[in-house]
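Let's take a quick tour of a protein model together. Have a look at it first, then we'll zoom in on one pair of neighbours and zoom back out.

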Amino acid sequence: MQATWLACAQNKAQREGRSIVFIDESGLSERPSVARTWSLRGQTPILRHSFTWKQLSAIAALSLRQFYFRFFPGAIRTEQIIGFLGTLKRQMEKPLLIVWDGAAIHRSRKLNAWLEGLNGHIVAARLPAYAPELNPVEAIWAYLKKHEIANLCLNTIGEVGQCARNRLKSMQRRPALINAFWKQAELNF
């Protein structure tokens, strides 16, 4: 199933001269992503953080050699996805085939109307249901949370966002890491 779905998407993109871009959203909060760490024997590390639930949402798009991202306060809404896609359209030369999950926000009438108004410059394809492992953007979020900002205890959501932004910018400059995201999703491009 995976190979068939991917082959169809690749054939469609090649036939139409499109760049394939995978997109996914995630969230960050003031509560740290807890990961294993080292410490001196007998000195258990303690994470001290606030117990507020302020959240920051993020959206990222991964093309073959680069990824793009943007942060938003609170939940991501249709207008923010449209703004992100508009920026992505301006940054990439070729028409786009975006691949994302079947989240309700990706199926909104307003978003679909906006996409139709682009005269085919951006077309969307949905991943098979219950297949997040096929989206290499999931690997970006996992790496960010498990390695780059793991055990991060900051005072405000703004500080968390700035640190995550800096780490993502650093990740953008590491081609081997971007290749690893593709390999983890087991997609052959």
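At roughly what angle do the axes of helix α4 and helix α6 cross? Keep in mind that this is a predicted model. The answer is roughly 120°, with the two axes coming within 8 Å.

**How α4 and α6 meet**
- Helix α4 covers residues 137-148, and helix α6 covers residues 175-184.
- Angles over 145 degrees would count as roughly antiparallel and 65 to 115 as roughly perpendicular, so this pair is called oblique.
- The crossing of the two helices is right-handed.
- On the α4 side, Ala139, Ile140 and Tyr143 make the contact, and on the α6 side it's Leu177, Phe181 and Gln184.
- Sort those contact residues by type and you get 5 nonpolar, 1 polar and no charged.

**A closer look at α4**
- Helix α4 has 12 residues, so at 1.5 Å a residue it should span 16 Å.
- Its end C-alpha atoms are 15 Å apart, which agrees.
- The buried residues in α4 are Val137, Ala139, Ile140, Trp141, Leu144 and Glu148.
- Those buried residues pack against strands β1 (19-29), β2 (55-62) and β3 (67-73), plus helices α5 (157-172) and α6.

**The whole chain**
- The protein chain contains 6 helices and 5 strands.
- Walk along the sequence and the pattern reads α-β-β-β-α-β-α-β-α-α-α.
- The chain has 189 residues, and 42% of them count as buried.
- Take the contacts between residues at least 6 apart in sequence: 74% of them join residues at least 24 apart.

Notes. Residues numbered from 1 in each chain as written. Predicted model: local features only at pLDDT ≥ 70, side-chain atom pairs only at ≥ 80, totals over all residues. Heavy atoms only, no water. Axes fitted to C-alpha atoms, helices over the stretch in contact; angles between N-to-C directions. Helix = DSSP H or I, 4+ residues; strand = E, 2+ residues; numbered from the N terminus. Parallel < 35°, antiparallel > 145°, perpendicular 65-115°, else oblique. Left-handed = near helix turned anticlockwise from the far one by under 90°. Contact = heavy atoms within 4.5 Å. Nonpolar A, V, L, I, M, F, W, Y, C, P; charged D, E, K, R; others polar. Expected span 1.5 Å × (residues − 1). Buried < 20%, exposed > 50% of the residue type's maximum accessible area, 1.4 Å probe, protein only.
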